[in-house]
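Please open the model in your viewer, keep the sequence panel beside it, and follow the selections below in order.

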Amino acid sequence: SRSGHSHPPSLLNPSPPPSPLRPAPPATPAMAWRLPPLAVLLLLVAAAVSPLSSAVRPVSDAHRSVAAELFAASPDDLETTYEAVRTFKILGVQRDKGLDGKACKLAAHTLSSSSSPAKDLFHAVKIAGVLGCGVDAGVYDDVASRLKAVIKDTNSLLEFYYSVGGLLSLKEQGHSVVLSDADSTFHAIKALSQSDGRWRYDTNSAESSTFAAGIALEALAGVVSLSDAEVDPSMIGVVKNDIVKLFGTIKSYDDGTFYFDEKYVDGSEYKGPITTSASVVRGVTSFANVVSGKLNIPGEKILGLAKFFLGIGLPGSAKDCFNQIESLSLLENNRIFVPLILSLPSKVLSLTSKDQLKVEVTTVFGSAAPPLRVNLVQVLGSDSKVITTDSKELQFDLDNNVHYLDITPLKIDVGKYSLVFEITLQDSEHETVYTTGGRNTEAVVVTGLIKVDKAEIGISENDAGSAESVEKLDLLKDTKVSLSANHLQKLRLSFQLSTPLGRTFKPHQVFLKLKHESKVEHLFVVPGSARQFKIVLDFLGLVEKFYYLSGTYDLELSVGDASMENSFLRALGQLDLDLPEAPEKAPRPPAQAVDPLAKFRPQKEIEHIFRVPEKRPPQEVSLAFTGLTLLPFIGFLIGLMRLGVNLKNFPSLPGPAAFASLFHAGIGAVLLLYVLFWVKLDLFTTLKYLSFLVVFLVFVGHRTLSHLSNTAAKQKTA
């Protein structure tokens with residue numbers, strides 16, 4: 001589809017020419033064999049609705065959000081900065097004042113630089129005009145002189161475009177700018193035109209370009225605006241004729257969308273349909289605004305260009321966003337034709353809810369249209385068969401600005417339809433201002449509740465259908481059956497589907513799934529005849545397909561369609577199937593895929609009974625033995641007293657005394673660590689702390705013992 005965040009290759013891929021867009025085909029039975037039924041139903045609905053997602057809708061808040069996202073980063077180059085500020089101004093998006101200040105500084109620096117080329121001056125002046133940057137009049141005078149000098153010395157179309165565009169922007173900002181040699185400049189630009197309405201980039205170019213035609217027309221419009229005298233009317237007439245020729249090369253889609261595509265020369269020159277069409281729209285609307293009379297361009301082509309840019313939906317790049325929004329803003333207000341867009345707020349209508357058909361007719365930016373009438377003149381079926389040709393006028397809701405019609409009298413059933421509308425302006429004077437395109441065709445899906453009747457399932461012995469067991473089913477309720485069969489029997493399933501108007505209904509997807517207890521699945525398409533859906537599974541011919549797997553199979557029926565409000569995925573019950581033993585060379589069941597996330601899911605609970613704790617001794621006995629553990633410490637204290645331990649050798653000097661104190665404190669810390677290990681710490685934590693204490697004790701102990709050794713040596717010498 002041409003809407004959404006991603007673009008079709010035909011619009012964005014730089015390879016000519018773009019092909020018309022077509023919706024993807026629905027899921028086929030071959031695909032269904034590889035997908036679970038629920039996934040098939042989802043794909044079905046997506047495939048059915050995808051053609052509707054290309055609906056042309058006016059510019060909305062979604063475009064503003066996308067523009068803010070695409071231009072979120074502050075660009076460093078002038079061209080992207082101008083595109084950002086211009087897009088935000090058109091959409092009314094508020095920018096950060098800091099970013100606007102940065103853009104103004106970038107523009108001011110470029111304008112004051114004597115080495116800035118015409119292209120940079122063009123974008124800098126444009127930025128200053130959009131943001132209202134404060135630029136000295138003297139700087140603008142210098143810029144105007146430099147741009148006029150470029151016009152005199154160049155034969156390049158791009159140089160003409162940037163120079164004339166820069167001067168015109170200066171004039172629009174209130175600066176006095178006059179192009180005295182307008183006629184010669186007009187002739188110099190016109191000399192680059194070709195007979196087919198395209199333009200060359202310079203006198204040395206051999207190939208003509210549609211994109212160049214757009215910028216040439218915009219440059220010519222600027223020359224007319226800057227001229228202090230009337231430009232040669234005959235030359236204006238020639239350019240008007242060139243525009244008619246240019247629109248003769250326009251391309252179109254079947255839905256009335258028109259676009260321009262660049263003539264492919266090489267990869268560096270190809271612009272793509274969006275950029276090329278935007279260039280032509282800028283040029284043609286600019287030229288139409290400055291010349292007298294009206295350009296001879298059919299209104300349906302202007303409307304087709306509007307549909308093209310709206311059909312892009314939400315663009316995926318900043319450049320496409322700028323081209324889309326600026327082109328639509330120019331089409332919103334132009335002197336050729338203002339396009340009026342017919343759109344449907346909802347393209348899915350429910351017979352169950354008795355939805356009304358609602359139609360909006362607005363400008364490309366959603367502004368109200370002038371007084372008009374909308375008639376539904378024809379309804380076509382999905383096969384282009386005419387359902388009705390009775391013209392019905394839609395009523396107008398002034399409060400909501402919407403035209404509406406009750407679809408019940410139309411007697412249309414569920415399915416896909418093409419609705420043909422005709423728009424008529426009530427005031428004949430508006431016919432020269434607005435274009436409606438005459439007839440507009442919109443695709444809709446009508447949904448409803450499908451009636452399910454005569455559902456039966458059973459096991460039979462032969463093709464004649466003499467069933468041993470047949471059970472009725474209510475497929476709209478949760479009813480389950482239990483069947484059994486062998487390889488010489490057949491499984492039969494049949495049911496009927498009818499629409500709310502009693503007609504036979506054929507959904508896009510009807511599947512019967514058999515799932516073995518070993519997780520092996522088999523999917524079958526249920527064929528439908530004129531009045532009934534029926535499937536017969538001959539197990540004798542399916543033994544190899546079933547891999548000779550006997551056991552219990554779960555039965556599941558899937559019925560789905562985009563028009564069916566009560567699509568269902570129903571478990572029918574179980575089938576106990578008895579198949580013969582597999583021969584030696586029989587095919588093996590495929591290996592079931594292993595869920596890589598299964599190991600992270602909750603595991604089965606482990607049940608364990610711990611051993612019964614042994615009987616503990618009485619508390620008095622435990623305390624007695626705890627007291628016995630203190631006896632060695634008491635013996636240690638008695639030994640110290642017997643040995644006559646004293647502090648006579650404790651160093652008296654401050655430095656050695658400090659190391660001796662730290663040494664004894666470290667020994668005390670080790671003893672305390674032993675106590676903590678006994679009551680609280682584990683072995684590894686204790687060893688970690690002990691390793692630090694050992695290093696500390698080695699250091700301070702070595703200093704203390706060295707001092708004592710030196711003191712003893714001095715005493716012996718004395």
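**The disulfide and beyond**

The structure holds one disulfide, a term used here for a pair of cysteine sulfur atoms within 2.5 Å. Before selecting it, note that this is a predicted model, in which local features need pLDDT of at least 70 and side-chain atom pairs count only at pLDDT 80 or more, while totals for chains, interfaces and linings use all residues. Residues are numbered from 1 along each chain as its sequence is written, and side-chain values use heavy atoms, with hydrogens and water left out.

Select Cys104 and Cys133 and show their side chains: the disulfide joins these two residues, with an S to S distance of 1.9 Å. The torsion about the S-S bond of Cys104 and Cys133 is about -75°, so the disulfide is left-handed. The pair links distant parts of the chain, since Cys104 sits in helix α6 (residues 97–112) and Cys133 in the loop between α7 (118–131) and α8 (137–153), 29 residues apart. Helices here are DSSP runs of H or I with at least four residues, strands are runs of E with at least two, and both are numbered from the N terminus. Cys133 is buried, at a relative accessible area of 13%, where buried means under 20%, exposed over 50% and partly exposed in between, with a 1.4 Å probe and protein chains only.

Which residues does Ser279 contact, leaving aside its neighbours within four places in sequence? They are Phe211, Gly214 and Ile215, a contact being heavy atoms within 4.5 Å. Ser279 is itself buried, with a relative accessible area of 2%.

Along its principal axes the C-alpha trace spans about 135 × 100 × 55 Å. Of the 718 residues, 43% count as buried, and residues 24 or more positions apart account for 70% of the contacts with a separation of 6 or more.
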